[in-house]
Amino acid sequence: GAAILLKNGEYIMGCNVENISYGLTICAERNALFQLVSAGYSKDDVEAFCVVGDTTNPISPCGACRQVMAELLDENTPVVLANMNDETKLTTVKDLLPYCFEEIEV
């Protein structure tokens with residue numbers, strides 16, 4: 001699952017939505033981020049981002065989610081990676097994807 005803590009104290013939640021055709025699945029991270037946008041919020045409204053999974057170590061977002069995080073969140077947004085054993089790793093959007101795709105000015 002994923003949760004976005006907004007600066008106003010509210011949370012936006014996301015969960016994985018699986019599909020038998022794997023490419024049509026959506027990860028919890030992107031689910032939460034797309035809900036952030038559809039609710040009218042922007043990166044300026046975000047305090048922190050958290051991802052939790054039933055994994056041995058704190059969960060790590062996939063590459064697609066990292067790219068969407070890089071586009072929809074500030075690069076210094078704190079990101080908490082966690083598992084069900086209360087193990088956590090604190091990082092930032094920039095540290096998760098230091099060489100993300102960026103808009104090129106022409």
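Analyst: Happy to! Helices (H or I, at least four residues) and strands (E, at least two) are DSSP runs, numbered from the N terminus. Please keep in mind that this is a predicted model.

User: In what pattern do the elements follow one another along the sequence of the protein?

Analyst: The protein contains 3 helices and 5 strands. Reading along the sequence, the pattern is β-β-α-β-α-β-β-α.

User: Which value of the radius of gyration does the protein have, and what does the globule rule give for 106 residues?

Analyst: The C-alpha trace spans about 45 × 35 × 30 Å along its principal axes. The protein is as compact as a globular protein of its length, because the two values are close: the globule rule gives 13 Å for 106 residues, and the radius of gyration is 14 Å.

User: What share of the contacts with a separation of 6 or more comes from residues 24 or more positions apart?

Analyst: Let's start with burial: of the 106 residues, 37% are buried. As for the contacts in the protein with a separation of 6 or more, the share from residues 24 or more positions apart is 57%.

User: How far apart are the mean positions of the positive and negative charges?

Analyst: The protein exposes about 6800 Å², and carbon and sulfur atoms supply 54% of that area. There are 6 positive and 16 negative charges, and the distance between their mean positions is 4 Å.

User: Which residue in the turn between S1 and S2 has a positive phi?

Analyst: S1 and S2 form a hairpin with 4 residues between them. In that turn, a positive phi of about 90° belongs to Gly 9.

User: Which residue in S3 does Ala 2 stand opposite?

Analyst: S1 also pairs with S3 (residues 46-53), and this pair is antiparallel with 5 bridges. Within S3, the residue opposite Ala 2 is Val 51.

User: Do S3 and S4 run parallel or antiparallel?

Analyst: Val 52 stands opposite Ala 82 in S4. S3 and S4 are joined by 5 bridges, and their direction is parallel.

User: What is the relative accessibility of Pro 61?

Analyst: Pro 61 is found in the loop between S3 and helix H2 (63-72). Beyond the residues up to four places away in sequence, this proline touches Glu 29, Arg 66, Met 69, Leu 81 and Leu 96. The cut-off for buried is under 20%. Pro 61 therefore counts as buried, at a relative accessibility of 4%.

User: How far apart in space are the C-alpha atoms of Ile 59 and Glu 10?

Analyst: Ile 59 lies in the loop between S3 and H2. Leaving aside neighbours within four places in sequence, Ile 59 is in contact with Val 51, Val 52, Gly 53, Leu 81 and Ala 82. Ile 59 and Glu 10 are 49 residues apart in sequence, while their C-alpha separation in space is 23 Å.

User: Which elements do the buried residues of H2 pack against?

Analyst: In H2, the residues Cys 65, Arg 66, Gln 67, Val 68 and Met 69 are buried. The elements that the buried residues of H2 pack against are H1, S3, S4 and helix H3 (93-96).

User: Is Asn 31 buried or exposed?

Analyst: Asn 31 lies in helix H1 (residues 28-38). Apart from residues up to four places away in sequence, Asn 31 touches Met 13, Gly 14, Cys 15, Val 17 and Ile 26. Its relative accessible area is 14%, so Asn 31 is buried.

User: What is the relative accessible area of Asp 86?

Analyst: Asp 86 sits in the loop between strand S4 (78-83) and strand S5 (88-92). Although Asp 86 is not a glycine, this residue has a positive phi of about 65°. The cut-off for exposed is over 50%. Asp 86 is thus exposed, with a relative accessible area of 73%.

Terms used:
Residues are numbered from 1 along each chain as its sequence is written. This is a predicted model: local features need pLDDT of at least 70, side-chain atom pairs count only at pLDDT 80 or more; totals for chains, interfaces and linings use all residues. Side-chain values use heavy atoms; hydrogens and water are left out. The radius of gyration is taken over C-alpha atoms; the globule rule is 2.2 Å times the number of residues to the power 0.38. Buried means under 20% relative accessible area, exposed over 50%, partly exposed in between (1.4 Å probe, protein chains only). Contact means heavy atoms within 4.5 Å. Accessible areas come from the Shrake-Rupley method with a 1.4 Å probe; for residues, only the protein chains shown count as cover. Lys and Arg count as positive and Asp and Glu as negative; His and the chain ends are not counted. The place of a charge is taken as NZ of Lys, CZ of Arg, CG of Asp or CD of Glu. Two strands pair if DSSP finds at least two bridges between them.
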